[in-house]
Amino acid sequence: MSRILIIYSTTDGHTLKICQRLQQVIESRNSGQHVTLIPVEDCHQVDLRTFDKIVIGASIHYGRHSQKVIDCINRNLPLLESKPNAFFSVNIVARKPEKNQPETNPYLQKFLKRIAWRPRKLAVFAGKLDYPKYGPFDRFMIRFIMWITKGPTDPATVVEFTDWQQVEAFGRVASEM
Ligand SMILES: Cc1cc2nc3c(=O)[nH]c(=O)nc-3n(C[C@H](O)[C@H](O)[C@H](O)COP(=O)(O)O)c2cc1C
């Protein structure tokens with residue numbers, strides 16, 4: 001049995017949902033692989049050496065991945081690089097076809113410049129917009145950003161832009177890496 005660790009960073013749970021789909025895909029492939037999901041907050045409590053592959057997934061909030069993701073990467077850099085590894089980013093800009101690839105997504109490109117880790121596999125997934133769930137400030141800010149970028153601004157909007165087939169394809173890549 002080979003063990004895959006997926007470390008996720010989420011604010012509203014959508015990145016976790018993506019990780020759960022990856023887990024489903026990997027474990028249903030009869031590949032003898034077991035997936036463990038842990039929040040990035042627990043990164044320092046887990047012995048990463050006991051896993052065969054490591055995937056990190058993180059969402060964007062106000063232009064950034066959480067500092068906890070960067071700390072987790074920096075603390076474990078040689079270990080990460082010694083195993084098959086992958087990183088994916090979740091953001092709403094990736095709903096645009098011209099920004100939904102690792103090479104064309106500005107957040108992922110900016111992130112890679114900030115870290116020494118060179119993930120062997122990369123992915124970008126479009127996230128979820130859920131205005132009713134946000135507090136007034138975040139709702140105002142996201143509606144404003146959406147207005148500028150010609151996205152939905154109706155405060156009742158709840159929409160998953162995620163391409164689940166793309167997530168499943170990445171699950172197959174992770175199971176084979
Ligand atoms: C307060 C807030 C700020 C956000 N800022 C950005 C942003 O700067 N750029 C972007 O592309 N998406 C942004 N998003 C969209 C999130 O990346 C998207 O909703 C994602 O699905 C969140 O994933 P999570 O639930 O795992 O945190 C923002 C969302 C919220 C709620």
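Select Thr15 in helix α1 (residues 14-27); helices (H or I, at least four residues) and strands (E, at least two) are DSSP runs, numbered from the N terminus. Leaving aside neighbours within four places in sequence, Thr15 is in contact with Tyr8, Ser9, Thr10, Gly57, Ala58, Ser59, Phe88 and Val90, where contact means heavy atoms within 4.5 Å. Thr15 has a relative accessible area of 1% and is therefore buried. Buried means under 20% relative accessible area, exposed over 50%, and partly exposed in between, with a 1.4 Å probe and protein chains only. Phe161 is 146 residues from Thr15 in sequence and 12 Å away in space, C-alpha to C-alpha.

The model is predicted: local features need pLDDT of at least 70, side-chain atom pairs count only at pLDDT 80 or more, and totals for chains, interfaces and linings use all residues. Residues are numbered from 1 along each chain as its sequence is written, and side-chain values use heavy atoms, with hydrogens and water left out.

Next, select the ligand. Which residues are the closest to the ligand? They are Thr10, Thr15, Ser59, Ile60 and Lys128, among 21 residues that surround the ligand; a residue is counted if one of its heavy atoms lies within 4 Å. Display the polar contacts, which are pairs of N or O atoms within 3.5 Å; within protein, one must be able to donate a hydrogen and the other to accept it, and residues adjacent in sequence count only if both atoms are side-chain atoms. A polar side-chain atom of Thr10 is 2.5 Å from a ligand oxygen atom, and one of Ser59 is 2.8 Å from a ligand oxygen atom. Asp12 contributes a polar backbone atom, 3.0 Å from an oxygen atom of the ligand. Taken alone, the ligand exposes 640 Å², of which the protein buries 96%; these accessible areas come from the Shrake-Rupley method with a 1.4 Å probe, and for residues only the protein chains shown count as cover.

Turn now to the aromatic rings. The whole structure holds 7 aromatic pairs. Rings of Phe, Tyr and Trp (its six-membered ring) pair if their centres lie within 6.5 Å; planes under 30 degrees apart count as stacked, over 60 as edge-to-face and the rest as tilted. Select Phe87 and Trp117, an edge-to-face pair with 6.2 Å between centres and 85 degrees between planes. This pair links distant parts of the chain, 30 residues apart: Phe87 is in strand β4 (residues 85-91), and Trp117 is in the loop between α4 (106-114) and β5 (121-126). Phe87 and Trp117 are both buried.

Move to Thr157, in the loop between α5 (136-148) and β7 (158-160). Is Thr157 buried or exposed? Thr157 counts as buried because its relative accessibility is 15%. The Thr157 side chain reaches the backbone oxygen of Asp154 at 2.6 Å. Not counting residues up to four places away in sequence, Thr157 touches Leu129, Asp130, Tyr131, Pro132 and Pro152.

Finally, select Lys150, in the loop between α5 and β7. Lys150 has a positive phi of about 60 degrees although it is not a glycine. Most residues other than glycine have a negative phi. Lys150 counts as exposed, because its relative accessibility is 78%.
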